[in-house]
Amino acid sequence: MKINFTNEQHAFRDEVRTWLASNVPQRPLLSLDTKEGFEQHRQWERTLNKGNWSMVTWPKEYGGRGLDLIQWLIFEEEYYRAEAPTRVNQNGVFLLGPTLMEFGTHEQKSKFLNAMATGDHIWAQGWSEPGAGSDMAAIRTTAVLEGDHYKINGQKTWSSRASYADWTFGLFRTDLNSERHRGLSFILVPLNLPGITVRPIPQLDGEPGFAEIYFDDVEVPIENLLGGDGEGWKIAMATAGFERGLMLRSPARFQQTAAKLLKLYLAKQDQCSPMIQAKVVEAWAQSESYTLSIYHTASKMLAGGSIGSESSLGKIFWSELDHMMHQTALKILGASAELSQESRDDAAKWIKGFMFSYAGPIYAGTNEIQKNIIAERLLGLPR
Amino acid sequence: MNFIFTEDQIQFKDAIKSFLTDECTPKSIREGWEAKQSFNSDRWQSLLELGVLNSNLPEDKGGLGMDQVTLALMVEEMGYAGLPEPVAEQTFLINDLMPLLPSSISQAIEENYDAGAKYISIAHPLAPNPLFINNSAGLILFDSSECKFIAKDDMDFEIISSNDPSREIFKINSMKSTISSPENFEELNSAVSARGALMTAALLIGLAQKMLDLSSVYVGDRTQFGKPIGSFQAVKHMLADVAVRIEFAKPAVYRAAYSLSENNPKSALHCAHAKFMCAQAAELACKNSLQAHGAMGYTWEMDLHIYMRKAWSMMACWGNEDKQQDIIFKTLTSSSEELGVLYTF
């Protein structure tokens, strides 16, 4: 055990910090869930790519830097420290990218990975359907093989980034006689094809962070099938593993929130009861613990271990922590906690974060589903 | 950066786990309760022979020079087994403090100590009722300004009753002769407070894991409505919540132990953090484990309370969650300590 950074790791941190200092936009970008903001964020993906910082954990052969998990954590720490823009291509870089590397053909890798890195393809997720949320195996959207293409009919919903994205990936039922997990295939679909209708869904903050996608006889070439026909569930589980695992929420963002919460509390301490102090300490303690745990897990993985159902533990922990921190901030803000315009205490930012923190326990598998996974797979409780 | 255990560390942990699984069963703990003699001298002797009691004494004092991380892993197992003998106290507090004690006191202890073979009890404002005085060779007593050593024969004591029958605690009525010294007191006092917090944290995480394991087995066996109750989501989710809290408390213990072994200036903060997280995890483990056991959990007959009682005591002693919260807040706000990214390591 050696819980210190090496000289090389410190040097890497300096390199990241220097680059970010001269490249992160001075003014915050518009929200990525607006048309103009989306394009600003796409531009930022291009800037990142020019510095070769857009997909740092990808292997060098795919244009990445081949960073290990510890370096990735350092990169993330610097990224949040610099308050760099949200990654509009999170779905591509962290979810589809690694899945393509594992299951894609040579042609698929060369076609999609580079376009992902350059920001030319921004990806939306296409898992949920009106009748298939937590119960993803209830998917009914069909993709029927007709010669050299699949014909897709049905509807996806809660599709993150789909309002403005270029492509979506998801599961489709290719065997019409199949049930549940069988007969599903993982298909990549350009969102500009004839027969596709995208209907943005305004979220709690009023912006269309996700959308419904309607498919009406949409023809997708067979080359867009990832893995084998009928192997979709297996591939999707691998994707969900990447997401719930280390990559979805690195500790840095929660540490930053905890630090800001303490600062906010210290500025308004005389207006708060001691109950609030306990919450502020808890925010620090839990984000510190989350960080330690992720470094512990990353070290284990570097030593050849793997991450399985344990990732469900982390998803519950950070999503509850994030909500608690924002809830506490609103209590500190008192009556300012209804201001949605800019103010000196950044109330509007806290409120936006507060609303978003309600999404954490839902997306990437609800916390209730995660608890079932923990109980059944880690604690050995009966199904 | 390599936040994993060495093979040696895992071997020590496994060795003590296997010893305690055989030698520290719920049955043997209950026998101690009934005989009103929870300090089992045979088990103490075996732990001495295994090299556990003096494991973290330096090699020239008859020990193995074990570091705090390995020790914390072993103490976690002592918690898991509900070990009544004060082995965690002997190693984590007494052995570890020896180099810091004023020489007059450490000499007196060494004369009575037999290289860790005999127990030296300890009392401190954060844990004022010393354990097992009748089985000890003497007592280290911290008050507000100095540290004292009193040999067993030089004090008059009586047993007082603890809610955990595994913990025989005492009240000192009078002392005939003491060796005392204010030398190095501030450093010594913060060292013992930090170690007390970390020791109880490591015990608590083991205790919490034990309660979770007992509950997981119980809800798989107990049938209602024609099914094991563990198949109901309400029960699953209660236990999953405990698993989450344990998962994120553990690394805080290992980091705090590492900080002590490296003499990190932030080790007091790290120890307070460990206790804060572990006390919360254990508190939830107690509540949800008892609930998962239903009425059986509320009986004397079920073994769950052996571990629950110890957990309640360990939450209270050496600074409870509230005290640690205070330490953390003062540390984060008093110095130049900066929060957020870059300051964890």
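User: Is A:Met324 buried, exposed or partly exposed, and why?

Analyst: A residue is buried if 20 or more other C-beta atoms, placed from the backbone, lie within 10 Å of its own, exposed if 12 or fewer, and partly exposed in between. A:Met324 has 16 C-beta neighbours inside 10 Å and therefore counts as partly exposed. This is a predicted model, in which local features need pLDDT of at least 70, side-chain atom pairs count only at pLDDT 80 or more, and totals for chains, interfaces and linings use all residues. Residues are numbered from 1 along each chain as its sequence is written, with chains lettered from A and ligands numbered from 1 in written order.

User: How are H4(A) and H5(A) packed?

Analyst: Two packed helices are described by the angle between their axes and the distance between the axes. Axes are lines fitted to C-alpha atoms over the stretch in contact, and angles between N-to-C directions run from 0 to 180 degrees. Helix H4 (residues 90–103) and helix H5 (residues 106–118), both of chain A, pack at about 165 degrees with axes 10 Å apart. H4(A) and H5(A) are therefore roughly antiparallel (an angle over 145 degrees). Residues making the contact include A:Gly92 and A:Leu100 of H4(A) and A:Phe112 of H5(A).

Definitions and conventions: Helix = DSSP H or I, 4+ residues; strand = E, 2+ residues; numbered from the N terminus. Parallel < 35°, antiparallel > 145°, perpendicular 65-115°, else oblique. Contact = placed C-beta atoms within 7 Å.
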